Structures are given as C-alpha cells and as structure tokens.
Amino acid sequence: MASHGCFFVTMMMAFAMLATVSNGQPLDPHFYDKVCPAALPAIRKVVEEAVAVEPRMGASLLRLHFHDCFVNGCDGSILLDDTPFFTGEKNAAPNANSVRGFDVIDRIKDAVNAACKGNVVSCADVVAVAARDSIVALGGPSYDVQLGRRDARAASQAAANNSIPAPTFDLDRLVSNFAAHGLTPQDLVVLSGAHTLGFSRCTNFRDRLYNETATLDASLAAQLRGRCPRADGDGDDNLAPLDPTPARFDGGYYSSLLHSRGVLHSDHQLLAGPTDGLVRFYGANNEAFRRDFAVAMVRMGGLSPLTGSSGEIRANCRKVNY
C-alpha cells in the first residue's frame with residue numbers, strides 16, 4: 001500500500017501543477033516587508049495569546065481560512081456581516097453556530113492597524129496568516145504565507161451553501177468539490193488532516209454514529225453516544241474531538257481513520273477509494289504529512305485572491321469601507 005500511496009502522491013503533485021489559483025498579480029510572502037514589517041509579528045502575538053487561553057481557537061482560525069477560501073476565493077468575505085444589500089456567509093448552513101473566531105480576527109486587525117499606523121493589511125491576509133500561526137502554535141509546520149490579497153466588498157450566503165464541502169459528502173462529491181476549486185485528491189487527503197485539531201458538533205456526526213455502526217469503532221461509538229443523543233435537536237451543539245489529541249498537530253487523525261475511529265462520514269470516506277493509499281501513506285509518514293500539509297495550505301491560500309486594484313483593504317473586517 002505504501003508504494004501505491006507514493007505513486008498516487010507523485011501523480012497528484014503533477015496534476016496540481018495544472019491548477020490555476022490566482023486571478024491577478026502574484027502574491028508574495030514579502031508583500032509587507034517594507035510597508036509594515038511589524039504586521040506579521042503583531043498577528044502572531046494575538047494568535048499565540050488567543051490559543052494559549054483556548055487551544056480550540058487554533059482549529060477555529062484554521063477552519064475560518066478554509067471556509068473563506070472555498071467561497072469565491074480567499075477574500076475575507078466570510079468576515080462580513082449581513083447588510084441591506086447582501087446576505088453574507090456567516091449564517092450559511094456550513095457556518096451558522098459553527099464557524100467562530102471573528103472576535104480574535106477583530107483583535108488582530110486592531111493590533112495590526114496600530115502596529116502599521118494605518119489600514120495597510122487586508123482582512124483576507126489576516127485570516128491567512130492567523131491560520132498559519134495557529135498551526136504553528138499547536139505544534140504544526142510553519143510555511144511562508146503568500147500575501148497581497150485584498151478584501152471583497154460583498155459576500156454570498158448562497159455561494160457558501162453551494163461551495164463548502166459537507167461532512168455528509170461521499171468520496172466522489174468530496175473529490176469533485178475540491179476539483180472545482182482547482183485542488184487535487186491529494187489536497188483533499190492532506191487538508192482533511194487539519195482534523196487533527198479541534199472538535200465537531202454532534203449534528204455533524206449523528207448520522208454516522210447511529211447509522212454507520214459497522215465502520216465505527218465500538219468503544220468510540222459508546223463515548224460519542226454519551227455526548228450525542230439520537231434525536232435531532234437534542235445536543236446538536238455538543239462537541240467531540242476529531243482525533244485523540246485535538247490540541248496538538250500530529251498524525252493521530254490518519255491513525256484514527258485506519259482504526260475505524262474517524263468521527264465524520266466525510267473523514268471515513270477517504271478510505272473508500274484510491275485515496276485510501278494516501279491515508280495509509282500519511283499514517284505511516286508523519287514528516288511527509290507535515291511537509292505536504294504546508295504545501296497544500298499555500299496552494300489553498302492562493303485560491304482566486306483579489307489583488308492589484310480589485311476589492312479594497314477593509315478598515316473593519318466586518319463591513320466594507322464607505
């Protein structure tokens with residue numbers, strides 16, 4: 001299986017080279033070096049403080065970046081509150097009562113504006129850097145965040161409902177969803193490894209818990225039933241860790257999948273086709289997972305950014321400039 005996994009990785013890396021992820025001038029990790037060298041340290045400080053108080057916040061900030069990028073690109077649109085002119089993404093089905101960390105982003109934006117003595121750093125870049133710094137704070141790999149994104153002036157609840165993959169998706173829908181964003185099956189498996197961090201709500205794993213018992217470890221199922229009653233609406237927001245070490249970036253996620261301990265249906269589906277080889281490969285090669293996760297995060301962070309004169313640099317991440 002390991003040799004099959006290596007072949008699959010090689011093939012998917014080749015396909016990834018064909019993906020188009022930018023629609024304007026190139027992003028640059030040194031974008032703020034001259035205009036505001038204090039920007040990235042200011043972001044890191046607030047993230048480290050927030051994660052120290054609540055380690056779960058690291059997973060939340062990472063997820064915020066994912067949900068931003070999968071809806072019309074990495075443009076900070078997920079941060080916008082509803083207005084009379086558009087219904088935003090915060091209350092879309094994948095985000096309502098689920099996506100969090102907006103208050104931390106507000107604190108980061110205030111800190112960055114103070115450090116830069118003005119409105120220099122986009123909210124989209126704040127989200128991207130905060131995701132990287134969260135990963136590092138929880139023991140994960142560092143990488144150079146490509147910078148220079150600008151912020152969207154609108155958001156779309158409908159786009160969020162249609163673009164973010166659901167935890168109920170089968171493998172074919174997951175692969176198709178990622179392909180629609182220019183991402184490969186390898187990216188799917190590697191980025192799903194973000195579930196080495198954080199928790200899931202009962203409403204997202206209830207169907208797997210009670211209807212997929214043949215593929216769910218019995219001891220884990222017993223634990224989950226204590227947190228997640230069968231009846232819809234009963235304990236929907238109760239949380240369960242996605243892997244045994246939800247506050248540490250490690251390879252536990254893949255080990256869990258291989259022992260029938262994947263909490264989400266979508267996670268277990270990674271074993272249902274050719275991606276099975278990649279799960280086994282990363283389960284046996286933690287350093288490869290860390291390396292490829294960093295590469296995949298950069299690739300995802302390049303999805304359709306607004307650059308140049310497109311969009312704006314929001315002064316307040318929750319609303320457009322007027």
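Helix α4 (residues 102-116) packs against helix α5 (residues 123-137) at an angle of about 110°, and their axes lie 10 Å apart. The model is predicted.

**Helices α4 and α5**

- An angle of 65 to 115 degrees counts as roughly perpendicular, so α4 and α5 are roughly perpendicular to each other.
- The crossing of α4 past α5 is right-handed.
- On the α4 side, the contact is made by Ile105, Ile108 and Lys109.
- On the α5 side, Cys123, Val126, Val127 and Ala130 make the contact.
- By class, this contact of α4 with α5 holds six nonpolar residues, one charged residue and no polar ones.

**Helices α3 and α5**

- Helix α5 also packs with α3, at an angle of about 140°.
- The axes of α3 and α5 are 8 Å apart.
- α3 and α5 cross in a left-handed way.
- From α3 come Gly58, Leu61, Leu62, Leu64 and His65.
- They meet Val127, Ala128, Ala130, Ala131, Ser134 and Ile135 in α5.
- The contact of α3 with α5 has eight nonpolar residues, three polar residues and no charged ones.
- Val127 and Ala130 of α5 take part in the contact with α3 and in the contact with α4.

**The largest pocket**

- The largest pocket holds about 880 Å³ of space.
- Its lining counts 41 residues, and the closest to the pocket centre are Arg63, Phe66, His67, His195 and Leu264.
- Helix α3 (56-69) gives the largest share of this lining, with seven residues.
- Elements that each supply at least two lining residues include α7 (171-180), α8 (185-192), α9 (202-211) and α12 (265-268).
- Strand β1 (199-201) and helix α14 also each supply at least two.
- By class, the pocket lining has 24 nonpolar, 12 polar and five charged residues.

**The cavities**

- The whole structure has two cavities of 30 Å³ or more.
- About 50 Å³ of space lies in the largest cavity.
- Residues lining the largest cavity include Tyr143, Asp144, Val145, Gln146 and Arg149.
- Met297, Val298 and Gly301 are also among the lining residues of this cavity.
- Helix α14 (residues 286-301) gives the most to the cavity lining, with three residues.
- His65 and Ala128 line the largest cavity, and both belong to the contact of α3 with α5.

Methods. Residues numbered from 1 in each chain as written. Predicted model: local features only at pLDDT ≥ 70, side-chain atom pairs only at ≥ 80, totals over all residues. Heavy atoms only, no water. 1 Å grid on protein atoms, 1.4 Å probe; cavity = no way out; pocket = protein on both sides within 12 Å on 5 of 7 lines; lining within 4 Å. Points joined across faces, edges and corners; volume = space filled by probe spheres on them. Helix = DSSP H or I, 4+ residues; strand = E, 2+ residues; numbered from the N terminus. Axes fitted to C-alpha atoms, helices over the stretch in contact; angles between N-to-C directions. Parallel < 35°, antiparallel > 145°, perpendicular 65-115°, else oblique. Left-handed = near helix turned anticlockwise from the far one by under 90°. Contact = heavy atoms within 4.5 Å. Nonpolar A, V, L, I, M, F, W, Y, C, P; charged D, E, K, R; others polar.
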